[in-house]
Amino acid sequence: MDECSPCPKDSYHSENTSPGVASSTTSVHVTALDGIVNVNSLFTVAVFVGLSLTTPNQRSLENRISCDAGIDMAKNLLVFEVVSFSFFLFSSLVAQGLKLAINLLNSKDVDDAFRARINLKVLRFGMMGSAIGSVMGCVFLMLSMVNVIQIRLGLLSCGSKSTVHAVTALVLLVSSALLVYISTAFYAFLH
């Protein structure tokens with residue numbers, strides 16, 4: 001007799017779904033989680049590039065000593081990079097954990113004693129937590145990139161056109177992309 005026959009189906013499937021629908025739904029979840037992990041990996045590379053730029057007493061390309069960033073800017077860069085990396089790592093680990101649970105749930109071996117049961121609410125909140133981790137990682141990565149721009153091109157307070165244009169483009173494009181990402185993730189969470 002199957003061990004799962006007395007188990008309530010709503011503990012790991014939504015109500016009124018057939019097994020075929022549930023497996024295609026979990027396939028979509030696994031694909032979404034794969035995407036989160038892959039994007040976080042790319043952003044992690046950017047974190048380490050930023051970390052390589054945290055050298056003290058670096059001159060900017062503005063050629064004015066008053067436009068050179070101080071040691072505080074390098075410290076902020078390092079802090080933002082570490083916090084960003086922490087959020088990306090959190091997000092990736094949550095996504096990988098959810099993928100593991102889904103893969104165990106969909107295991108084809110019926111004699112498997114370690115078959116996982118995943119609650120859809122846990123899955124949704126886990127995916128939302130992973131998405132929030134990615135968003136926060138992007139925010140801190142953007143802040144660190146603003147510091148990189150100021151270290152390399154000169155402080156924003158100097159009014160360097162290169163610095164202002166680079167920071168403006170970065171903030172507008174990343175903020176717009178994050179707004180779209182947050183909106184679609186929130187929509188998916190509610191529906």
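**Exercise 1. Classify the exposure of phenylalanine 87 and valine 37.**

Solution. Start with phenylalanine 87: its relative accessibility is 26%, so phenylalanine 87 counts as partly exposed. The scale behind this calls a residue buried under 20% relative accessible area, exposed over 50%, and partly exposed in between, using a 1.4 Å probe and protein chains only. Next, take valine 37: at 15% relative accessibility, valine 37 counts as buried. For the protein of 191 residues, 33% count as buried.

A word on the model before we go on. This is a predicted model, where local features need pLDDT of at least 70, side-chain atom pairs count only at pLDDT 80 or more, and totals for chains, interfaces and linings use all residues. Residues are numbered from 1 along each chain as its sequence is written, and side-chain values use heavy atoms, leaving out hydrogens and water.

**Exercise 2. Find the aromatic pairs and name the helices they link.**

Solution. Begin with the rule: rings of Phe, Tyr and Trp (its six-membered ring) pair if their centres lie within 6.5 Å; planes under 30 degrees apart count as stacked, over 60 as edge-to-face and the rest as tilted. By this rule there are two aromatic pairs. Phenylalanine 80 and phenylalanine 140 make a tilted pair, at 6.0 Å centre to centre and 45° between the planes. Phenylalanine 80 lies in helix H2 (residues 71–105) and phenylalanine 140 in helix H3, so this pair ties together parts 60 residues apart in sequence. For phenylalanine 87 and phenylalanine 140, the ring centres are 5.9 Å apart and the planes are at 15°, so that pair is stacked. Here, too, H2 is linked with H3: phenylalanine 87 and phenylalanine 140 are 53 residues apart.

**Exercise 3. Which residues make up the largest nonpolar core?**

Solution. A nonpolar core is a set of buried Ala, Val, Leu, Ile, Met, Phe, Trp, Tyr and Cys residues joined through side-chain atoms within 4.5 Å. The largest has eight residues: Leu33, Ile36, Val37, Ala95, Leu98, Ile102, Leu123 and Met127. Now zoom in on valine 37, which is found in helix H1. Leaving aside residues up to four places away in sequence, valine 37 touches Ser92, Ala95 and Gln96, where contact means heavy atoms within 4.5 Å.

**Exercise 4. Where is confidence lowest, and where highest?**

Solution. pLDDT is the predictor's confidence in each residue, from 0 to 100. The protein averages 76, and 69% of the residues score at least 70. Among its parts, confidence is lowest in H1, at a mean of 64, and highest in helix H4 (residues 161–190), at 91. Over residues 1–24 the pLDDT is below 50. Where pLDDT is low, the predicted coordinates should not be read in detail.

How values were computed. Helix = DSSP H or I, 4+ residues; strand = E, 2+ residues; numbered from the N terminus.
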